Each structure stands twice: as C-alpha cells, then as structure tokens.
Amino acid sequence: MTSSSAPSRKALSKIACNRLQKELVEWQVSPPAGFKHKITDNLQRWIIEFVGASGTLYAEETYQLQVDFPEHYPMEAPQVVFIPPAPLHPHIYSNGHICLDILYDSWSPAMTVSSICISILSMLSSSTEKQRPADNDRYIKNCRNGRSPKETRWWFHDDKV
Amino acid sequence: MFTSPSQGFMDFFTETFQISQSTPPSDLYRSVYSEIEEVGWKHLVSFERDPSSVNFSVIDENERKHILEIRLPQNYPESSPSIAADVPYICEFKWSMNSRLKDIVQQFQQLLQKLQKFWSTMDSIDKNLLVIYPKQPTLACSYRQIYLGNDCCLLLFIDAQNPTSLPGCRFLGLNTTTEIIRKKWQRNGRKWSNERSFIENLSLLLETNIPGCTTTFQKEEWEIECGICYAGQLPLGDDSQANNGEYPDYTCDNPCCQRAFHTVCLRDWLRSITTTKKSFDVLFGSCPYCSDPVAVKINAS
C-alpha cells in the first residue's frame, strides 16, 4: 500500500453519496461554530479547519482534520485524523490518529460530521495538560505501514478528557 | 396569592421587584406610549417592560406581514434602540435625540420596499423550481437548494441587495455529473443578464430545463427522511433492486423519538454492529437515535 492514511478508496455508494450531499448542505447552512469546511470537489474526503476554543489550552491554534468516508457510510464510521501537526493531547497521537470512541466502536448513523467535530473540539477543550499519549512512540511504530486508525483495537480507558 | 412561598422564591421576588424599581421611571413609559400612539395602536403586537421592547406588525406592499421588534435601551431615547426582524439584512438606522419610534417604523418600511425584489425572486424560485431545502424558508433566508435531476442539486445563494444578479452557487452530486454542469455554468456565466428573469437566466446557464415542482416526484416525497440514509425515497445504486424508491416504513416506537427509517437501512445498520441479537429471522438492537429497542425482520422487503 502506497497511499499514507487513505483507506482502500472504493467509490461512495449511492446511499452514501446522497447522505453526504445532505450533510454538506446542512454544514454550509449552519456549520459548527469555529469550523470551516475547505471547499473541494471531493465529496469523499473533507478537509476541515478549526481554531481551538478560547479560554482553553488550544486557544487560537489552528488545526486541520481529514475526514474520509467509506463506501458504505453511514453504516460505517468515517475515518477522522488530524493532518500533522496534530494538537498535543493525551488522546491524540503524533501521526494524527485520535482515540475517541465515537469514531470506532460507538459510532452510530445518528451522528454526523458536524457532531464529530463538536466532540473533538470538546475533547480538546476539556484537556488540562498538553502531552502525547504515554504509548505514542510504540503506536507510531506500529502504524508505519500506513495503517488506518480504524484497524487499531482501541482501549477507551479514560473518559475524563 | 402565594400560600407558602419558599425562601428562594421570596428572594427572587424581592430582587425582581427592586430591579423594576430601578428601571426607567414611568415618565419614560408615558413618552413611549405616546410614541406608540403615533405609529398606531392597531400595529402594536406586544409591549414588554423588562427588558423593554416594542413589537409592531408591518404589512408590506405585497401583503406580507412582518414583525418589527424594537428593543429600547435603559437610557432610551439617548441611545438608539436596536431592532430585529425576519429580513435578510438590516440597514443602519438613523437615530438622534429627537427621533421617535415612528421614524424607525418608517425606515423599516423603506427597507421592506427595497426588499420586494428579493422576495419576488425567492418566490419565483419556490414556485417554479423543486426546492429541497429549506422546506419552510423564512423571509430572511437567502439560499435555496434546488434539484436538477440525475441526483444532482444546486445550492443557490441569492444576494439580497442585488437579487437579480448572478447568485453564488455550489453543485452537489456525483463528481462526474456535477463536473459537467459546473463547466456549463462557468462557460455561460457571462450570459447572465438582469433583463431576464431569474429562472430564465438559470436555465440559460445550465443549458437545460430545470425540473419544476410539476415533475413526477412531488415535494411530499422529500418530507419524511430516513434517519440513516437521509433520503425520502431509498436511493439504491441498482434501479432493478426491489426496494429502490421505497419510503421510510419503520418508525421508532419511543414516543419521544419517533424517528423514521427504511427497514432496509435499519437492518443493514443492525447487521453491521456486534451488539445486535438475532432470534429466528428477527434482528433485535437499539435505535441509533434514542437507543430504545428496535426489531426488524431479516428478510424485510
């Protein structure tokens, strides 16, 4: 596999395409506060830029998220990663992978890109220290072959941050 | 009147009472009353004292009814009041010490006059094209998502100050189809002319007749959307599939939720997670929205 973090890119199903169009319209009409969808013609990969909430450790810092949608979205969660440099956070690895249950085991089609963004922002906002996860180096090593975070078996051991 | 008021309530009561004591003296209200009279009591919808605001109803030349909310600051009329209304934009209001409420109403009427062209443009879109979103647009709303056919939609952003000019747009749909339409739009962009009607311009740029609300699929079909695929009719890739075009046919039993789903979508979702239980040919799981139990037959069709 040559592409870095891209999952095997099968084109979106008609259902996925239809649903994403509607999510995009909803986003353009009322985007989550502080988030900006970078306009591209690619419905299957969204690049989202946002600024850390004021009054938090990440205030005024700008980050980019890359959201890739699987063929059978929303039956499957989208793959969401930070485009490095990723924020320093106990649940965010230096390669941009995010340890957040709703992106993996707890995903439900009731969620949307917009609700994911809000969850990620609140995860950052509630952080009390800027540091990498304890197992960052080991994890990065294991991901060297371009493994998707969706292939990781995550342990959601801490829901405080 | 209050037989056994709790301490907390009494505190609250005295507090509010004190606040209202310190709010503008009744002199002010007397002058506001006379200003309302100048506008005409029949136009008054409501008058709130704390914080002070006056709501008037204003009818425009095309019989549209507008509610104009004028909020009065503590030191009214020294500082200018602020206003709110269901309009796409509010121009700056002139205000001086000698200004009165009727001056604001008058300026609002001038704004309404300016906006007539905008609303008639929006009306022509709503009447002639298949508007998917918003379903019940407010008067302030200056965008529309319209259906172009072939699973392609166009999101139009109309400039409220210059409604007949070339609108901002976003094409939504499969990349290949939208690419063709986008190119036409770019190529024909210069042909947009303020002399033609908005709809005529639109068809000219897109080189096609845009489906109107008279097309075979009716607006109602978009009304109830499946909570999973967000579609009214099931958009399966293969047209020969039996469930294609089906409407949501399953509703969550929880009265607070009542989300609608296509049985097919709900079944596919339940199949894709490990917590679903299967008994005979029924899948038992939980609603993606409220987590209440749901059950669908495996061979749903």
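Reader: In S8(B), which residue is the bridge partner of Leu154(B)?

Author: In this predicted model, Phe171(B) in S8(B) is the bridge partner of Leu154(B).

Reader: What makes S7(B) and S8(B) count as paired?

Author: Two strands pair if there are at least two bridges between them. S7 (residues 152-157) and S8 of chain B have 5 bridges. So they pair, and the sense is antiparallel.

Reader: What is the order of the strands in the open sheet of chain B?

Author: The order is S5-S6-S7-S8, with antiparallel pairing.

Reader: Why are S5 and S8 of chain B said to stand at the edges?

Author: Strand S5 (131-133) and strand S8 (168-172) of chain B each have a single partner strand, so one side of each has no neighbour in the sheet. Neighbouring strands of this sheet are turned by 35 degrees against each other on average, direction ignored.

Reader: What makes helix H3 of chain B a helix that packs on the sheet?

Author: Contact means heavy atoms within 4.5 Å. Helix H3 (residues 101-128) of chain B touches S5 and S6 (143-149) of chain B. Its direction makes about 30 degrees with that of S6(B). Helix H5 (residues 198-206) of chain B packs on the sheet too, touching S6, S7 and S8 of chain B.

Reader: How many helices and strands does chain A have?

Author: Chain A has 3 helices and 4 strands. Along the sequence, the pattern is α-β-β-β-β-α-α.

Reader: What percentage of the residues in chain A are buried?

Author: Buried means under 20% relative accessible area. Of the 161 residues in chain A, 51% are buried.

How values were computed: Residues are numbered from 1 along each chain as its sequence is written. Chains are lettered from A and ligands numbered from 1 in the order in which they are written. This is a predicted model: local features need pLDDT of at least 70, side-chain atom pairs count only at pLDDT 80 or more; totals for chains, interfaces and linings use all residues. Side-chain values use heavy atoms; hydrogens and water are left out. Helices (H or I, at least four residues) and strands (E, at least two) are DSSP runs, numbered from the N terminus. Axes are lines fitted to C-alpha atoms, for helices over the stretch in contact, and angles run from 0 to 180 degrees between N-to-C directions. Buried means under 20% relative accessible area, exposed over 50%, partly exposed in between (1.4 Å probe, protein chains only).
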